[in-house]
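This report sets out selected features of a protein chain. Please consult the sequence and the structure shown below while reading.

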Amino acid sequence: MSTEKDSMLRVRLTQRQSDELDAIIDELQAQMPEASVTTSSIARYALEKYVSDHIAKRDGTKIFIEISTADATEEDIKNLYDLLSKLFDETKENYSPMVHYMVGEILDPVMMKMARLMKLKKSGVKAGE
């Protein structure tokens with residue numbers, strides 16, 4: 001089902017990126033068999049998201065945080081997870097529902113990622129591989 005346009009878009013991807021793209025396409029096709037998910041449709045979505053994120057970052061309408069966990073130990077991640085959990089609970093007790101909501105929006109994806117990292121580190125897979 002790969003078109004010439006799809007092949008052209010893959011030229012600059014590393015093998016790992018190409019494999020991950022295949023996994024994303026497979027996952028999306030399994031969730032929505034009626035949708036025609038291709039490399040070019042994902043590339044178009046990624047470009048739209050990149051531009052939207054750039055505008056949001058520039059205008060200050062969204063906060064973007066990127067943190068490397070490459071050198072973090074399992075204990076570091078667990079301690080940070082515990083600290084963030086306490087912070088989230090504290091916002092519910094001491095701040096407005098809007099502040100609690102915003103803190104949840106910030107912390108939820110971080111904590112989900114951390115939970116995955118803790119599982120990966122436990123199973124012996126190095127994060128980032």
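In which helix does Ser41 lie? Ser41 belongs to helix H3. The model discussed here is a predicted one.

Helix H3 covers residues 39-59, and Ser41 is one of its residues. With a relative accessible area of 18%, Ser41 counts as buried, because the cut-off for that class is under 20%. The side chain of Ser41 reaches the backbone nitrogen of Thr38 at a distance of 2.8 Å.

Ser52 also has its place in helix H3. The relative accessible area of Ser52 is 44%, so this residue is classed as partly exposed.

Two elements give two or more residues each to its lining, namely helix H2 (15-31) and helix H3 (39-59). The lining includes Leu9, Leu13, Gln17, Glu20, Leu21 and Ile24. Thr39, Ile42, Ala43 and Tyr45 are also among the lining residues.

By residue class, the lining of this pocket divides into 7 nonpolar residues, 2 polar residues and 1 charged residue.

## Domain arrangement

The protein is divided into two domains: domain 1 spans residues 15-59, and domain 2 spans residues 74-123. The C-alpha centres of domain 1 and domain 2 are 27 Å apart.

Is Thr91 buried or exposed? Thr91 has a relative accessible area of 4% and is therefore buried. The side chain of Thr91 makes a polar contact with the side chain of His100, at 2.9 Å. When residues up to four places away in sequence are not counted, Thr91 touches His100 and Val103.

Glu90 is likewise found in helix H4. Glu90 is partly exposed, its relative accessible area being 39%. How far apart in space are Glu90 and His100, C-alpha to C-alpha? The distance is 8.6 Å, for two residues that are 10 residues apart in sequence.

## Asp108 in helix H5

Helix H5 runs over residues 97-122 and contains Asp108. Asp108 has a relative accessible area of 46%, so the residue falls in the partly exposed class. Asp108 and Ile63 are 45 residues apart in sequence, while their C-alpha atoms are 14 Å apart in space.

Conventions: Residues numbered from 1 in each chain as written. Predicted model: local features only at pLDDT ≥ 70, side-chain atom pairs only at ≥ 80, totals over all residues. Heavy atoms only, no water. 1 Å grid on protein atoms, 1.4 Å probe; cavity = no way out; pocket = protein on both sides within 12 Å on 5 of 7 lines; lining within 4 Å. Helix = DSSP H or I, 4+ residues; strand = E, 2+ residues; numbered from the N terminus. Nonpolar A, V, L, I, M, F, W, Y, C, P; charged D, E, K, R; others polar. Buried < 20%, exposed > 50% of the residue type's maximum accessible area, 1.4 Å probe, protein only. Polar contact = N/O pair within 3.5 Å; in protein donor to acceptor, adjacent residues only side chain to side chain. Contact = heavy atoms within 4.5 Å. Domains from an automatic or database assignment.
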